[in-house]
Amino acid sequence: MTRRARRAALAVATVGLLMPLAACGSGATKDADGGGPTADPSTYDREATIRVGTPSPFSALDPAKQANIGENTYTFLIYDSLTQMDASYQVQPMLATSWEFAADGSSLTLKLRDDVTFNDGAPFDAEVVKTNIERGKTMEGSSLVAALAPIDQVVVEDPHTVRLDLVPGLGADLPATFALNAGMMVSPKALAERADELALDPGTAGSGPYVPVEVKTGEQVTFERSDDYWNEDTAYAATLVVRTVADQAARLNGVQTGALDVAQISGSAPVQEALALVERGAVQGDKIAQITPVVLMVNAERGDLAKPEVREAIGLAVNRTEIVEGLFSGNASPATQFYPEDYWAADPDLAAPELDIDAAKALVEQAGGAEITIAAATGSTAEPVAQALQTQLGAVGIEVDLQSIPFAQIDEMYRRGELDAQVVNASPAPDPASTLTYYVTDGFAAARGFGDVLGTLPAEAADPTKSLDERAAKYQEIWKVMADNDMWTPIVRSEQVWVRSDKIANVPNLPWVRSGFPSYRDIAMVK
Amino acid sequence: MSQTSAPSRPRSGRLGRASAVARREPLATFALLYLILIVLGAVLAPLLATHDPDAQQLMQRFQPWSGEHWFGTDDYGRDVFSRLVYGSRVTLQAALVAVGVSVLIGVPAGLLAGFRRGFLDAALSRVFDGLMSIPGLILALTIVAVLGPGLTKAMTAVGLIFAPQFFRVTRAATHEVMGETYIESSIAIGCAPARVVLRHVLPNVVPAILVQVSVALGVAVSAEASLSFLGLGVEAPTASWGSMLSTAAQTMTLAPNLVWLPGLLIFTVVLSFTLLGEGIRRSLAATGRKAVDE
Amino acid sequence: MTRYALRRLAVALPILVAVTFCVFVLVDLAPGDPAAAIAGEHPTAERIAEIRASLGLDEPLLQRYGSWLLDALQANLGSSLANGQAVTDAIGDRLPATLSLVVVAMLITLVVGLAAGLVAALQHGRAADRAITAMASAAIALPPFWVALVLVMLFSVQARWLPAIGYQPLSAGLWPWLSHLILPAAALSLLPMAEVALQFRQAMVTVLRQDYITNAEARGLTRPRVLGKHAAKNAAVPVTTVFAYRFAQVLGGTVAIESVFDLPGIGRLAVTSVLNRDIPVLLGLVAFTTLIVLVINLLVDISYGYFNPKVRT
């Protein structure tokens, strides 16, 4: 232990020169050459073992059986996907080098890489894409049915070109959707020989930069770098151990004692605690602004929330400044819509309603008072926000009862219409079309109880024949309609901290890091 | 507590007896006074508290001790002193619920089983074995999952878990006592069973039960903290010592004072319950079974 | 003795059935649809119906319990709703960590608890007795998770003597295994240890006052012999009771401790399963842990017979 401590001290002395200790770059740094928490790739230790602590649990490591977005943290390493998202949430090529919608929107054609081999030796080609998509659409128990629903059939045009015939009017979100598990490709050999085993033992079934050599279900996965990966600018560490550590304090302790090299910390108080440790020099940390907003979803068909005055009052009574500067100690920013301002479909001019306590009070009085129940998932980072809302809404005469419901039940209960309101981390999908379906028109159904205010806007915005700019304009209109009708209340976008040893580099550049579920394929340890 | 065996220096009146006990058991007496103080604090919470315990001031989080906030403020800018005062109500009630449930279930059943033996004993033992064989927190988890969150429900579960302990200790002690010749002879000469149990058996098993009560009260107060740690405690924003402790544990670096205060209170109160229980046990032994003590 | 043990075993099985049935009913009453919970983030109504059917959730309660029990008797506890892993595997994977933890904790409990209790009883009323009683009372006053957090702070984060999180199997070596268990086991054993010490002390003090002990000493038997043969044997009854009871509690206590130390054991599996409403795993866990505790109880019952022959009749 003492030797390790001495070595760590030495590392501070030497590496400290390369990397500023107070690493608080907010947002992803694009500057890849030295400076900030990124370091020159020539200094990376290619033989390193990096131990990652994540709060995301995993149950199935088969892309078609994944039940939640957090499992991508593991599957991103094992499987390549057709596309990927860059740090600013733009779709970029991966296994597909380019893609194009037919002029009439009837199909999407993807050009594929021709130099990719699965880790079990099977080659990657258009047939593989067809096999995987058809499996995702038809396999019993597939979790990809909804995501792949826009695809009518898959046509192999040549070994490296595949055409997806689309259901009319759908499919604009496919290129972005392919950046997640819906676009992950599994070896046809593995599918033919041992498809049922993949969820617990994926082995060499992917073409990704890492091969899982040991899977302890629900606990941790040990990955080793695969030989001859097609992309040389990734998989810097020889071994990755990704471990589910549910407890925030355990993750912090793990990094402090060297049992973990890097760990993700979220939530207002834990982030502050982590930053206090960074300030004290106990650990290093990268503070990264998240995309996901914490929002108040309301069911306009229930109780006092059916009164438009009450919903309007909520919008006027939420004090975002107090939540951002107080509850989050400035480690957050106010949110007004699903996506942050720099995203292509966001409306940079959409402002939150001005705080107006008196007007809100008057509205509540007009409605004859109001009593609502706000639910939040037990132990979630949304819970503190719900507590703050209870006080803020109470100040204008809205009596709030808080309800804590386990993760596995809360969303389903909300969807079934059993809850008045829910404070939730509204994780935006890669494409706003899927986000809108999931949270607004279907699923959480923020539009429930508002009649037809959105009209044909969602369909128009999801039209694959439209350009990105045209779609963006439609979405901006939608966000505005939602705000004007008080269909929901976006509150805050928080920042998370990746605490790490001083040798870990590249955290801000990890793909998906701003979603809170990063791909660790680019993480590196300097020598 | 038979009248015939008075303390070594006979005194008249309850007060005199009490002061004798106090002199013999200074620690227990001190513990009792401390607990009375805490209970008074809980009863008089609205008078003592300087602030509304749930009133947030988000711009005043993690404030140090000051004239305005005697013990500082917490992660929502709430007054820690007021939360501790009001939290004592929740915590003490929770402990009483758990121990009350377990005593009410465990002790009568234990007496009955120990006294009657035979089929009733076997049947009761099996029932409590079954209850006892479910690891406690897993049962609490399941019950809370079914009935929904709520401290009283969780503490009832804790009480259920404690009950077999009272049952077994009572039953075992009753068995021991039943083996004594004087019990056998009282039954032989035709004393009514109820009279035998109340007059001869119960007084002799009380020390064992009291030790259990003291231990159980301690465990109940700290069980409240453990339940809070697992997210099964009192619902936000209501304060309990356990919830304050487990929340503060998240920010040990940032605000260590938030950890020490509820921690200290839990520690001292549980300790006091234990010392008091021990004191009572010794006093009972001294008065009731004087011959043995000397 | 064998017949006695068999008779006890014969009543243990109905308990197991009763306990699992009660949990089965309890879980069934709970709100929320397990099928919806495992359908993922974008479920369709058909998909949920499909899962319900595949889980047999549409069948009547008794029928479901019946088929579960039949399978369970053949060591088949079904498979996890969350990941399809066989429940026996899921428990088996996590058993080593939990068993190691519980065994080390119970060892600490017995060794330290009995030693302290004995010393206190022999020194009854003197300084050592008071000190031990005070420390035991103090130990009971500390919430275990809090002790765990403090131990991690002191011995892992500050001193760097012992690891803060994780588990190493015994096959990785004795010290790597033990070093990961010392702190959690210490936190876990504090309460039962104190209780064993107090109970043993109390029982010993009572026994030592009994006439036959005094008589034995008067007959000229040596003190250690009296202690070992007569006193300890009788005092063991209440202590074994506490031990058996505490075993279940320690097994349950792993839930919080495993979370603090990030030990991959069944306590954490229980929390995850409750949150995921992973019914097969939850049922399997309750059945399995209950079985373990029943076996321990059985041993304790038999030891009652040994310590106190009157019980056997």
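The contact between chains B and C draws on 40 residues of chain B and 47 residues of chain C, two residues being in contact if their C-beta atoms, placed from the backbone, lie within 7 Å. On the chain B side, two or more residues each come from α5 (118–132), α6 (136–147), α7 (151–178), α9 (193–229) and α11 (256–288); helices are DSSP runs of H or I of at least four residues, strands are runs of E of at least two, and both are numbered from the N terminus. This side of chain B comprises 25 nonpolar, 11 polar and 4 charged residues, where Ala, Val, Leu, Ile, Met, Phe, Trp, Tyr, Cys and Pro count as nonpolar, Asp, Glu, Lys and Arg as charged, and the others, Gly among them, as polar.

The model is predicted: local features need pLDDT of at least 70, side-chain atom pairs count only at pLDDT 80 or more, and totals for chains, interfaces and linings use all residues. Residues are numbered from 1 along each chain as its sequence is written, and chains are lettered from A and ligands numbered from 1 in the order in which they are written.

Chain B contains 12 helices and 0 strands. Buried residues account for 51% of its 294 residues, a residue being buried if 20 or more other C-beta atoms lie within 10 Å of its own. Of the contacts in chain B between residues at least 6 apart in sequence, 69% link residues at least 24 apart. The mean pLDDT of chain B is 82, with 88% of its residues at 70 or more; pLDDT is the predictor's confidence in each residue, from 0 to 100. Values stay under 50 over residues 1–11 of chain B, where the model has 12 contacts beyond four places in sequence, and over residues 289–294 of chain B, where it has 4 such contacts. Where pLDDT is low, the predicted coordinates should not be read in detail.

The largest nonpolar core has 349 residues, of which Val499(A), Ala98(B) and Ala220(B) touch the most other members; such a core is a set of buried Ala, Val, Leu, Ile, Met, Phe, Trp, Tyr and Cys residues joined through C-beta atoms within 7 Å. Residues up to four places away in sequence aside, Ala220(B) touches Ala94(B), Ala95(B), Ala98(B), Val99(B) and Val158(B).

Key:
A residue is buried if 20 or more other C-beta atoms lie within 10 Å of its own, exposed if 12 or fewer, and partly exposed in between; C-beta atoms are placed from the backbone.
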